[in-house]
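Visitor: Please take a close look at one part of this model and walk me through it. Keep it brisk.

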Amino acid sequence: MAHEVVGAILKQACEKIDGLREVAGSVLEKILFSRHNSSSASGEGGGGGGHRDGAVVALVAGVPAFNELQDVFGPAGSLQWNSADRTFPLMSRVLSLEPYRRFVVEGMSLSVSKKNAQSLVRAASEAFTSWVAQQQQQQQQQQHLSLIHI
């Protein structure tokens, strides 16, 4: 369930509407950088936060690639989620995280539509094509290494 929730938030965080990206990014940061996340591994609640904090800790416990997501988006509060030029290059890094690839591709594909602002289309297209180029280069390197070992 946590995978689907975080995936849906990531999809919204690379949507075409600036305000929607900003809200989704804020929610994602709360999940990734909540002060209770560090205590969740030890089983401590971190103080009288009640049911809501317990729900965040439970969600965090089930998030695949949690540390990798923190590395991409950290530190907390460092992003301007409504800025396509800053958000989309980070989303291209999330494309390398298999559990979230489908969600990010869906969000980015909506953002590269010709009906969107040119700056948004450019940012989303550049981020996506950069990731594809990296994947192709990695495949070529792996094929080359395979031939060397033969």
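Guide: Helices here are DSSP runs of H or I with at least four residues, strands are runs of E with at least two, and both are numbered from the N terminus. By that rule, the protein chain has eight helices and zero strands. From the N terminus on, the order of elements reads α-α-α-α-α-α-α-α.

Two notes on the source come next. This is a predicted model, in which local features need pLDDT of at least 70 and side-chain atom pairs count only at pLDDT 80 or more, while totals for chains, interfaces and linings use all residues. Residues are numbered from 1 along each chain as its sequence is written, and side-chain values use heavy atoms, with hydrogens and water left out.

Now the whole chain, briefly. Buried means under 20% relative accessible area, exposed means over 50%, and partly exposed lies in between (1.4 Å probe, protein chains only). Of the 150 residues of the protein chain, 35% count as buried. The accessible surface comes to about 8800 Å², and 54% of it belongs to carbon and sulfur atoms. Such areas come from the Shrake-Rupley method with a 1.4 Å probe; for residues, only the protein chains shown count as cover. A contact means heavy atoms within 4.5 Å. Among contacts in the protein chain with a separation of 6 or more, 60% are between residues 24 or more positions apart.

The part to look at is the pairing of α1 with α2. Helix α1 covers residues 2–13 and helix α2 covers residues 18–33. Their axes come within 7 Å and cross at roughly 145°. An axis is a line fitted to C-alpha atoms, for helices over the stretch in contact, and angles run from 0 to 180 degrees between N-to-C directions. The crossing of α1 and α2 is left-handed. That term applies if the near helix is turned anticlockwise from the far one by less than a right angle; clockwise would be right-handed.

Which residues make this contact? From α1 come V6, I9, L10, Q12 and A13; from α2 come L20, R21, A24, G25, V27, L28 and I31. By class, the contact of α1 with α2 has nine nonpolar, two polar and one charged residues. Here Ala, Val, Leu, Ile, Met, Phe, Trp, Tyr, Cys and Pro count as nonpolar, Asp, Glu, Lys and Arg as charged, and the others, Gly among them, as polar.

Start with I9, which sits in α1. I9 counts as buried because its relative accessibility is 13%. Leaving aside neighbours within four places in sequence, I9 is in contact with A24, V27, L28 and I31. The C-alpha atoms of I9 and V27 are separated by 7.6 Å, and the two residues are 18 apart along the chain.

Move to D18, in α2. D18 is partly exposed, at 41% relative accessible area. A polar contact of 2.6 Å joins the side chains of D18 and R21. Such a contact is a pair of N or O atoms within 3.5 Å; within protein, one must be able to donate a hydrogen and the other to accept it, and residues adjacent in sequence count only if both atoms are side-chain atoms.

D18 and A84 are 66 residues apart, yet their C-alpha atoms are separated by 7.7 Å. G19, also placed in α2, is partly exposed at 39%.

What does T87 touch? Not counting residues up to four places away in sequence, T87 touches A13, R21, Q80 and W81. T87 lies in helix α6, residues 84–94. T87 is buried because its relative accessible area is 0%. A13 and R21 belong to the α1–α2 contact, and T87 reaches both.

Follow α6 onward. α6 and helix α7 (residues 98–111) pack at about 145°, with axes 9 Å apart. This crossing is left-handed too. F88, M91, S92 and V94 of α6 meet Y100, V104, M108 and S111 of α7. That contact has six nonpolar, two polar and no charged residues.

One last stop is the loop between α5 (66–73) and α6, where P75 lies. The peptide bond from G74 to P75 is cis, with omega near -10°.
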